[in-house]
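Please look over the structure shown here before reading the notes on its helix packing, its pockets and its cavity.

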Amino acid sequence: MIHRFNTIDSTNTYAKKLAAEGAPQGTVIVANCQTGGRGRMGRNFFSPADTGLYMSMVLRPNCDTAKLMHLTCAVAVAACDAIETCTGLRPGIKWINDIVYQGKKLGGILTELGFNGTALDYAVVGIGINCNHSQKDFPSELQPMAASLSMVTGNPIDREKLETALINSLAKMADTLQTDKDVMLERYRANCITLGQDICVVQADTLRHAKALDVDQDGRLLIQLPDGTIEAVSSGEASVRGMYGYL
Ligand code: BTN
């Protein structure tokens, strides 16, 4: 079932409410505008009316949390697949959840889990994609790093078509989440523009320089520190950026 809103605070917040009330796997929430769109690490996601695709889907994976660590990677690949189906353009992924193209952010993914006691009850995956924004539509602080699909393709984006493609690719992703994990992770690595780069790893109050080497089976980023040590950083506690800017 698809729940449609013109304006909502956050499709993820609403999806979590529906999921806690028992909504089945595949329940979708789409909004034309979000007043409190949320991103990873407590950030906001700019969600103006009539221009973007803001969608959340309820999933009910029949496994424990340990088997879901790669979920955000799988959603990122599904989002790239949907964008490619609609526009012919294959974006990149900045670890772990940013959809990017030519150095700019086109969208992002927010995965949230709900528990029944200690058992996993549901996962909500939220995807925001900038579709028809022009550069001046973004707040000035976002302008250097944000872009929309219409800006990078030169064509207006049919948001309904993209919505359908995204629902289809998410449904396929959910069906194959455990069976096709290795194939999906190979596709994620091939799309991930962070790998091989010199990056800054931001964790709590610390910032460290490192080289991004690989993404492991749980979606953690394997980094090499200047002293040669190799470490796995998890998306729950770290974000990365390039040495000299967003990418
Ligand atoms: C990020 O950039 O860190 C993730 C952004 C995720 C935004 C989407 S828009 C639909 C869904 N509802 C939200 O509040 N957030 C996600």
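**Helix packing, pockets and a cavity**

Helices H2 and H5 are roughly perpendicular to each other, a term that covers angles of 65 to 115 degrees, whereas angles under 35 degrees count as roughly parallel, over 145 as roughly antiparallel and the rest as oblique. This is a predicted model, in which local features need pLDDT of at least 70 and side-chain atom pairs count only at pLDDT 80 or more, while totals for chains, interfaces and linings use all residues. Residues are numbered from 1 along each chain as its sequence is written, and side-chain values use heavy atoms, with hydrogens and water left out.

**H2 against H5**

- The axes of helix H2 (residues 71-87) and helix H5 (residues 181-191) come within 9 Å and cross at roughly 65°; axes are lines fitted to C-alpha atoms, for helices over the stretch in contact, with angles from 0 to 180 degrees between N-to-C directions.
- Helices (H or I, at least four residues) and strands (E, at least two) are DSSP runs numbered from the N terminus.
- On the H2 side the contact is made by Cys73, Ala74, Ala76, Val77, Cys80 and Asp81, and on the H5 side by Met184, Leu185, Arg187, Tyr188 and Asn191, contact being heavy atoms within 4.5 Å.
- By class, this contact of H2 with H5 has eight nonpolar, one polar and two charged residues; Ala, Val, Leu, Ile, Met, Phe, Trp, Tyr, Cys and Pro count as nonpolar, Asp, Glu, Lys and Arg as charged, and the others, Gly among them, as polar.

**H2 against H4**

- The axes of H2 and helix H4 (residues 159-175) come within 8 Å and cross at roughly 140°, and the two helices are therefore oblique to each other.
- The crossing of H2 and H4 is right-handed.
- The H2 residues that meet H4 include Leu71, Ala74 and Val75, and their partners in H4 include Lys161, Leu162 and Ala165.
- Divided by class, the contact of H2 with H4 has 13 nonpolar, two polar and two charged residues.

- On a 1 Å grid over the protein atoms alone, a pocket is an open set of points with protein on both sides within 12 Å along at least five of seven lines, a cavity is a set where a 1.4 Å probe fits but cannot get out, and lining residues have an atom within 4 Å of a point.
- The largest share of the lining of the largest pocket, five residues, comes from S6, and the lining divides into 17 nonpolar, 15 polar and eight charged residues.
- The second largest pocket holds about 400 Å³ of space, and of its 18 lining residues the closest to its centre are Met69, Thr72, Thr111, Ser235 and Gly236.
- H2 and S6 are the elements that give two or more residues to the lining of the second largest pocket, and S6 gives the most, with four residues.

**Cavity**

- The structure holds one cavity of 30 Å³ or more; grid points are joined across faces, edges and corners, and a volume is the space filled by probe spheres set on the points.
- The largest cavity has a volume of about 40 Å³, and its lining includes Lys94, Ile193 and Tyr246.
- S12 gives the most to the lining of the largest cavity, with three residues.

Technical notes: A crossing is left-handed if the near helix is turned anticlockwise from the far one by less than a right angle, and right-handed if clockwise.
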